[in-house]
Amino acid sequence: MSPPINVAAHLARMAAAEPDRPAVHFPTRGVKPNGPTEYATLTFAQLHADSDAVAHGLTCAGVGRGTRVALMVPPSLDFFSLTFALFKVAAVPVLIDPGMGVKNLGTCLGEAAPEAFIGVPKAHLARRVLGWGKKTIRTTINVGRGRFFCHHGIADLRASGRTLGAFPVPEVGADDTAAILFTSGSTGVAKGVVYTHGIFAAQVEMLRTTYGIEPGEIDLCTFPLFALFGPALGMTCVIPDMDATRPARIDPAKAVAQIRQFGVTNLFGSPAVIRRLGEWGRTAGESGRLTTVRRAISAGAPVPAGVIEAFTRMLPEAAQVFTPYGATESLPVANIGSREILGETRALTEQGRGVCVGRPVAGMRVEVVAISDGPIPEWDDSLCLPPGEIGEFVVRGPVVTKQYFHRPLAMKRAKIHDPKTGEILHRMGDVGYKDTCGRLWFCGRKSHRVVTPRGTLFTDQVEPVFNTLSWIFRTALVGVTRDGVTYPVVCVELLKSRPRMCEAPLDLLLLRQARRFAHTASIEWFLVHPGFPVDVRHNSKIFREELADWADKKIGKTWPWPPGKPPWTPEVIG
Ligand SMILES: Nc1ncnc2c1ncn2[C@@H]1O[C@H](COP(=O)(O)OP(=O)(O)OP(=O)(O)O)[C@@H](O)[C@H]1O
């Protein structure tokens with residue numbers, strides 16, 4: 001049997017097979033870290049019926065096939081009903097991370113040109129005050145009490161829809177647009193990625209087969225974009241008590257209480273969440289063990305090995321933390337588990353070989369092509385670089401999205417047409433290489449590479465070398481140009497709780513570390529920064545463009561140094 005094309009069909013299947021199994025648990029009040037919390041629960045049959053009612057309501061409100069709908073509702077029972085309802089009516093939800101800030105949100109909404117806006121009162125308030133989507137939005141729906149100056153309230157739509165029975169889900173084609181998902185915008189303004197029903201269907205299957213997820217599992221989903229996959233994979237979804245736009249502020253004690261109360265088996269989490277849980281586990285010791293968890297899947301950004309290590313200590317022996325590699329434009333591309341990372345690849349990462357992101361998942365193919373900033377309109381096998389050579393990752397397969405929404409320039413830069421197969425290939429904008437076992441090693445974003453007269457440096461080959469120093473929280477490689485020559489500069493964010501003895505000779509210790517490896521030996525500038533600018537969603541993607549400007553200004557004062565004499569004398573260190 002071929003997998004269903006409309007993701008909503010998974011819900012219908014579960015409602016028929018396991019009507020009484022809980023689909024979503026939502027904490028009605030704040031989660032109590034030290035005791036059972038009250039939850040509102042929807043079974044699969046109830047979620048199916050409720051999303052049918054909402055689907056009828058949406059149809060009455062004029063939201064139907066192809067309507068672009070900005071959805072600004074945090075994870076909740078309504079979020080699940082609404083998203084499935086939107087798929088049922090074959091509308092096109094536009095999902096933007098509110099964590100990117102109001103200005104960027106406005107730009108993205110302007111670009112997505114939504115025709116309807118469904119949101120909580122706070123989102124409607126922002127829309128009205130900031131004039132989001134004024135030119136295109138003709139239907140507004142409030143998710144909360146009453147209509148709140150909108151055309152409709154969700155309760156009214158649901159009530160009128162309830163009388164109409166089952167919703168006849170229209171046929172959709174694999175190539176029909178299913179949603180527009182925005183990237184995090186860590187290398188410029190976020191881009192709208194066009195998802196088709198075929199891509200969602202393929203993602204569900206890939207997640208199922210790659211991770212062996214079974215119906216009946218219980219998922220704590222701290223990464224809203226993945227929330228939908230839980231019920232589609234037949235899992236019960238426990239909604240965390242956290243601000244979904246600020247994962248780094250999750251209260252680990254609450255998450256642990258939820259994991260224990262429901263016997264959570266799967267965790268979809270952003271790296272920031274895994275970090276916080278691991279830190280909590282360090283102090284909790286043996287009493288912090290999460291005995292029911294089978295796997296954690298941390299997607300969307302690099303996860304340092306130390307973070308993985310701390311979290312795996314909280315898990316049973318057989319459980320693993322997986323770090324799928326991919327992007328909004330194509331996810332998953334490759335996969336690796338904590339056993340391989342901690343047992344083998346971490347040591348190489350710390351020597352500057354890049355971060356191993358594993359092998360391509362079944363169905364995906366990854367090639368490496370020479371680094372260039374210009375377009376590659378057509379694919380040719382001669383573009384492929386041999387194993388070991390660093391280039392840009394190019395991916396093909398069933399989860400590769402074919403277009404950006406209204407972004408012809410980004411399309412030219414990122415997509416390649418294969419004239420032999422007709423496929424569209426995606427350039428990841430990431431650089432790395434394949435090893436002889438077929439594993440991929442991520443070396444950084446293409447746009448973050450630093451081209452110096454002595455060679456090109458890549459962020460994820462340089463930074464891990466310094467990150468091993470015990471008093472460093474994280475580092476960021478940037479380039480600063482003087483008289484037409486680019487110099488590599490490593491910005492350093494120190495650990496808040498570092499030993500005092502390290503204060504004085506920081507530069508010398510860093511310089512000594514740089515001299516240990518050929519590829520970092522040319523680095524002579526180190527600048528301590530009070531706190532890196534990072535993305536809100538993952539709290540880990542460093543805005544290196546911003547840091548480069550900061551470094552340029554900072555160095556400006558001390559420039560130029562005497563010829564042949566950097567600001568300190570390397571000879572004095574051993
Ligand atoms: N497992 C991983 N290890 C290392 N890096 C990863 C991993 N998974 C994802 N990434 C990084 O995250 C990127 C994808 O992130 P996302 O799609 O959220 O948008 P973005 O690339 O951050 O934003 P934009 O494209 O707007 O700059 C990848 O291209 C890669 O650089």
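Predicted model: local features only at pLDDT ≥ 70, side-chain atom pairs only at ≥ 80, totals over all residues.
Visitor: How far apart are the C-alpha centres of domain 1 and domain 2?
Guide: Start with the bounds. Domain 1 covers 1-242 + 252-280, and domain 2 covers 349-379 + 387-448. A further part, domain 3, covers 452-572. The C-alpha centres of domain 1 and domain 2 are separated by 29 Å.

Visitor: Which residues are the closest to the ligand?
Guide: The shell around the ligand holds 24 residues. Elements giving two or more of them are β15 (325-327), β17 (355-360), β21 (424-434) and β22 (440-445). The closest residues are Thr183, Thr187, Pro302, Ala327 and Thr328.

Visitor: Why does the ligand lie between two domains?
Guide: Look at where the shell residues come from. Some are given by domain 1 and some by domain 2. The ligand therefore lies between domain 1 and domain 2.

Visitor: Which strands stand at the edges of the sheet of seven strands?
Guide: This open sheet has mixed pairing and the order β2-β1-β11-β10-β12-β13-β14. Two of its strands each have a single partner strand, so one side of each is left without a neighbour in the sheet. Those edge strands are β2 (39-43) and β14 (320-322).

Visitor: By how many degrees are neighbouring strands of this sheet turned against each other on average?
Guide: The value is an average over neighbouring strands, with direction ignored. It comes to 20 degrees.

Visitor: Which residue in β12 stands opposite Leu220?
Guide: Strand β10 (residues 218-221) pairs with strand β12 (residues 266-269). The pairing is parallel and runs over three bridges. Opposite Leu220 stands Leu267.

Visitor: At about what angle does helix α2 run to β2?
Guide: Helix α2 spans residues 44-60. The helix lies across β1 (22-27) and β2. Its angle to β2 is about 80 degrees.

Visitor: What is the average twist in the sheet of three strands?
Guide: This open sheet has the order β25-β26-β27 and mixed pairing. At its edges stand β25 (472-482) and β27 (525-528). From one strand to the next, the twist averages 30 degrees.

Visitor: Which residue in β27 stands opposite Val489?
Guide: Strand β26 (residues 485-494) pairs with β27 in the parallel sense. Four bridges make up this pairing. Opposite Val489 stands Trp525.

Visitor: At about what angle does helix α15 run to β25?
Guide: Helix α15 covers residues 459-467. It lies across β25 and β26. The angle to β25 is about 135 degrees.

Terms used:
Residues numbered from 1 in each chain as written. Domains from an automatic or database assignment. Near = placed C-beta within 6 Å. Pairing = 2+ DSSP bridges. Axes fitted to C-alpha atoms, helices over the stretch in contact; angles between N-to-C directions. Contact = placed C-beta atoms within 7 Å.
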